[in-house]
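Biologist: Could you take a close look at the surroundings of the ligand and describe them in one connected account?

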Amino acid sequence: MQQPIMTIEAGACPAPVPLPDCAEREWTRIAIARLQDDGRRSADTHLLKPLFRGLKGISVYLKDESTHPTGSLKHRLGRSLFLYGICNGKIRQNTTLVEASSGSTAVSEAYFAQLLGLRFIAVMPHSTSRQKIEAIQSFGGECHFVDRANDVYDVAIRIARETGGHYLDQFTNAERATDWRGNNNIAESIFHQMEGEEFPIPEWLVMSAGTGGTSATLGRYIRYKNLETRLCVVDVENSAFYDAWRTGDLQVTASGSRIEGIGRPRVEPSFVPGVIDHMIRVPDAASIAAAHVLSERLFRQIGGSTGTNFFGLCWIAANMMKAGRQGSIVTLICDGGHRYTETFYNPDWLRENGIDIDPYRRMLDRFLDHGEFLPPV
Ligand SMILES: *Cc1c(COP(=O)(O)O)cnc(C)c1O
């Protein structure tokens with residue numbers, strides 16, 4: 001509701017009138033307070049340090065983002081996108097919220113929408129895991145499905161228009177809704193938790209890309225803080241990011257990833273190639289094998305994208321060892337494995353998708369126990 005504008009002209013000062021009461025601002029204040037309360041109730045996430053006999057001179061750290069109230073690193077993004085939308089005046093009392101998602105973000109956003117009493121509609125591919133759909137619904141969110149991963153954007157925009165709602169648009173806003181200089185972002189938390197370690201400044205950070213927002217925050221932060229740490233982004237099969245980074249062509253497209261949460265059919269606006277020092281592309285069989293191997297060694301299941309991260313970390317570790325370098329490497333546990341019992345942890349699904357993880361499992365076990373990084377056989 002726009003208030004009438006009053007102009008004050010020289011020499012004609014009008015008599016005082018009642019100022020607008022801006023009742024809408026009261027909802028904004030309560031909403032921001034609710035989000036701050038959620039932040040206060042949350043502790044920082046653990047930085048795990050598993051030991052692997054074969055990795056001499058290399059310290060491995062895993063930032064465990066699976067322990068957030070909504071089960072993934074998207075809890076941070078969800079909170080940031082809500083703050084961003086409210087502070088920009090886009091999210092108000094009774095605003096319907098719409099998002100395009102492969103699932104994790106929608107789970108976190110449904111949680112925050114419920115916290116604020118707002119309607120939330122997630123647009124997702126049919127392939128989204130049952131557990132994520134159930135989580136969204138348990139927070140009162142509505143799910144709208146599309147056949148092709150590439151259709152989520154247009155359908156979300158259309159639903160937002162039809163409902164007079166707000167498209168949260170994680171793929172555009174992830175990189176800008178997060179305070180990259182600090183303010184307790186994930187990079188600041190990692191470097192703070194590393195302070196007392198043997199190698200406190202990591203040689204490498206390793207991270208996969210979904211929106212690209214987390215890698216953008218990490219890459220910007222290490223530059224801003226003038227650190228020697230380098231950033232390796234790991235991509236997956238059928239994703240546009242790797243080719244875009246290698247060729248500089250941001251228009252490349254791909255068919256869409258099987259590793260939920262990462263790998264995109266297009267180069268998302270939140271993907272910031274300029275802050276990435278190195279990229280590798282990991283086969284899906286290697287990502288899933290790495291998820292299995294790491295789950296066994298942590299005594300709990302982790303998600304597929306964490307497998308991609310861990311395979312990338314092993315590859316970096318192998319190269320450091322070969323070069324005779326010592327140091328630390330940090331990556332993320334993005335979410336837990338309970339969301340993927342019907343896919344990555346289901347032998348039938350693996351067989352139907354023609355994915356044989358055993359050669360990569362043997363390869364990783366040999367590396368972690370004996371330090372030999374040999375091609376899969
Ligand atoms: C979103 C997501 C990622 C990637 O994080 P971005 O910051 O979006 O690049 C990795 N794993 C999972 C499970 C995710 O949901």
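Modeller: What follows is an account of the ligand site, with a short note on aromatic pairs at the end. This is a predicted model, in which local features need pLDDT of at least 70 and side-chain atom pairs count only at pLDDT 80 or more, while totals for chains, interfaces and linings use all residues. Residues are numbered from 1 along each chain as its sequence is written, and side-chain values use heavy atoms, with hydrogens and water left out.

The ligand is surrounded by 15 residues, of which Lys74, Gly210, Thr211, Thr214 and Ser305 are the closest; a residue is near if one of its heavy atoms lies within 4 Å of the molecule. By class, this shell has five nonpolar, eight polar and two charged residues, where Ala, Val, Leu, Ile, Met, Phe, Trp, Tyr, Cys and Pro count as nonpolar, Asp, Glu, Lys and Arg as charged, and the others, Gly among them, as polar.

Among the polar contacts (pairs of N or O atoms within 3.5 Å), an N or O atom in the side chain of Thr214 is 2.5 Å from an oxygen atom of the ligand, and an N or O atom in the side chain of Lys74 is 2.7 Å from a ligand oxygen atom, whereas Gly212 places a backbone N or O atom 2.9 Å from an oxygen atom of the ligand. The protein covers 97% of the 380 Å² of accessible area that the ligand has on its own, as given by the Shrake-Rupley method with a 1.4 Å probe.

As for aromatic pairs (ring centres of Phe, Tyr or Trp, the latter by its six-membered ring, within 6.5 Å; planes under 30 degrees apart are stacked, over 60 edge-to-face, the rest tilted), the count comes to 13.

Conventions
Polar contact = N/O pair within 3.5 Å; in protein donor to acceptor, adjacent residues only side chain to side chain.
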